[in-house]
Protein chains: 2
Amino acid sequence: MDIKIVDVAAKAGVSPATVSRVLNESSSVTSKTKAKVMKAIEELGYHPNAVAKNLRSQKSMTIGVIVPDINASYFAEIIKGIENVAYARKYKVIICDAENQKEKEAEYLTLLMNRTVDAAILIAPLMSDEEICQISEKGYTLAVVGRYIEHDRIPCIYTDNVKFSKEVVQHLVENGHRDIVFLSGYAEAIDSYERLEGYLKALRDYHIPFRPELIENGNFNEGGGYEAMKRLFDKNLHFTAVFAANDEMALGVYKACAERGIAIPSQLAVVGVDNNRISKYITPTLSTVNQPKYTMGALLVEKLIDQMNENQFHDKRTFKVDSELIVRGSSNFRRE
Amino acid sequence: MDIKIVDVAAKAGVSPATVSRVLNESSSVTSKTKAKVMKAIEELGYHPNAVAKNLRSQKSMTIGVIVPDINASYFAEIIKGIENVAYARKYKVIICDAENQKEKEAEYLTLLMNRTVDAAILIAPLMSDEEICQISEKGYTLAVVGRYIEHDRIPCIYTDNVKFSKEVVQHLVENGHRDIVFLSGYAEAIDSYERLEGYLKALRDYHIPFRPELIENGNFNEGGGYEAMKRLFDKNLHFTAVFAANDEMALGVYKACAERGIAIPSQLAVVGVDNNRISKYITPTLSTVNQPKYTMGALLVEKLIDQMNENQFHDKRTFKVDSELIVRGSSNFRRE
DNA sequence: AAATAATTTGAAATCGATTTCAGGATAAAT
DNA sequence: ATTTATCCTGAAATCGATTTCAAATTATTT
């Protein structure tokens, strides 16, 4: 462990520079000296110090990823996409869990950007667009998944929230629903806003009057969805369908319905977003929107690495991908 | 971004050493010079280069965690435990996903150990005990969760597989089952072995003859559980309960039963292990064994950091924690 | 065989911080 | 006022690799 490159050099009877050369194949060395060096490395059990190497070469061949919550399967798939492409391109990936805390997100980003990694990918970041742009301006390499960013050096990939939201409402309306609850995530999230926008646009298309009392906030989590539904039930409002801005909240809807003896989908149709693993296993199976998570991660990191290698900024920097509605048991019911 | 400590020093009219001192509060500086330095840092937007810092100070205040699969919720909880305790102790945590590939696990471990982190935690490692010990012998600081390791410098935490396996079988026998299928994980895994051991011991306690044909392998995943059950059904064996060595395989059992029209729990009782999130949502709810995942992560990292700080090895290095059986719908049925 | 070109190699500089050691300034004690 | 102790500060060494530049070696050409 305390063996350094000079030790190897001494043992092999060469200079540290030569050892470095065989280590990195950076320039040619005689097969004879190479053999000597290899032998010394082997015998001493030498492992190069990555920190020293990174300091001198000013790169780490590592990409950092910051996720809001490592527990959410939604992010896991994106990470898989990132990891696989990065790995194929000789980059390693390290992941940091911000645990839904803005402060932690910032701290981990600082940790990563202080030259520990060559670039950082922010997944569904908690921080604002301005903060992200500021960091990029300082010269750090960033990329964002799950949000559109207006900055010509930050590649980003995101889904068309408005589009799929409209499709969800369309699907519900075509199954006879007109009074559709919208369970939004937390208000600051751009996703919440856009999904709501799609909901409103679809209503307008069908000339269905908008009832603001049918909008409730569920903070993107199960408990939030449950509480929101309880509030709605208590108000005795009339509605026949719920569009939850993610599957987690939809689970809360299921729970609230179970408590009140309301049958899904005959009495209440439910649609979520994310295609969580659970959505396929719960009874009834949950209709949801599937986003191409793996592809999003893969595509973005591909772009990012290209940009780093070419050291120039391409025309095509932002990617909007489509999601698809998956109709399952919770909404597959025609209301007369 | 290109601002270095010398630039700050120049601007503040002090030496780099002084800048370093105010940065790290390593020794006292006059409030006047401190103010000058702070001002210069602020105005230049200086961020210290972590790589240089780590190289000189020979530490990173960072702990690396390698997981076999970032998608498995089982590991996410452990990571949460690690992260929270580490964070409270001023350590950052970075996570690497080995994607169930031994080769990737080794590569990431190399990446981490080449001084990028102060210590690495291996969660349910794929590599052998010998390999782990060898790495420790080289002077790297390691810890392991999910496996007992015979090495006096490697803290580890693991559950008593034999004990809870016995409890599961006991529960089934007391509900009238005598022909209990055991679905094991992959054969090399020590967990598989120990869970089987508990199963066998319990049978012996109840004087139930062991039927080797009731042991099937399911590779710890859903597809494996499904295939294994199909094989068992096709053989036309008599059994009334299945003990799956994890919940994933139990999901496969559910699927196979649904296809054959076999009712759970009346025709077949099922028990899993892990207390996956899905186990609570599936119908019928799945009986399972809950392991104190969060605590395992938290306890281990606490121990690890203590050990690093004290720079000595404590007497109590290994922790065996207990798991609890959670009886739910899939086995809560008394057979006459 | 001598001159030239191409290839290997090593010495020393470098990456950007921390830390040691000694000197200078200030405060306390005589 | 002088001596002694304490506190601040800076110059230079250091962490462990890579990289540049020049020297030394080998290969090629005349």
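Ala, Val, Leu, Ile, Met, Phe, Trp, Tyr, Cys and Pro count here as nonpolar, Asp, Glu, Lys and Arg as charged, and the others, Gly among them, as polar.

This is a predicted model, so local features need pLDDT of at least 70 and side-chain atom pairs count only at pLDDT 80 or more, while totals for chains, interfaces and linings use all residues. Residues are numbered from 1 along each chain as its sequence is written, chains are lettered from A and ligands numbered from 1 in the order in which they are written, and side-chain values use heavy atoms, with hydrogens and water left out.

**Exercise 1. Work out what kind of protein surface lies near DNA strand C.**

Step 1. Start with the count: 26 residues surround DNA strand C, where near means that a heavy atom of the residue lies within 4 Å of the strand. Among the closest are A:Arg21 and B:Ile5.

Step 2. Sort them by class, and you get 10 nonpolar, 10 polar and six charged residues.

Step 3. Now look for polar contacts (pairs of N or O atoms within 3.5 Å). A backbone N or O atom of B:Ile5 sits 2.4 Å from a phosphate oxygen of DNA strand C, and for a polar side-chain atom of B:Lys4 the distance to a phosphate oxygen is 3.2 Å.

**Exercise 2. Describe how H2 and H3 of chain B pack.**

Step 1. Helix H2 (residues 16-24) and helix H3 (residues 31-44) of chain B meet at about 90°, and their axes, lines fitted to C-alpha atoms over the stretch in contact, are 10 Å apart.

Step 2. That angle makes H2(B) roughly perpendicular to H3(B), a label for angles from 65 to 115 degrees.

Step 3. List the contact (heavy atoms within 4.5 Å): H2(B) brings B:Val19, B:Val22 and B:Leu23, and H3(B) brings B:Lys34, B:Val37, B:Met38 and B:Ile41. By class, that's six nonpolar, no polar and one charged.

Definitions and conventions. Axes are lines fitted to C-alpha atoms, for helices over the stretch in contact, and angles run from 0 to 180 degrees between N-to-C directions. Helices (H or I, at least four residues) and strands (E, at least two) are DSSP runs, numbered from the N terminus. Angles under 35 degrees count as roughly parallel, over 145 as roughly antiparallel, 65 to 115 as roughly perpendicular and the rest as oblique. A polar contact is a pair of N or O atoms within 3.5 Å; within protein, one must be able to donate a hydrogen and the other to accept it, and residues adjacent in sequence count only if both atoms are side-chain atoms.
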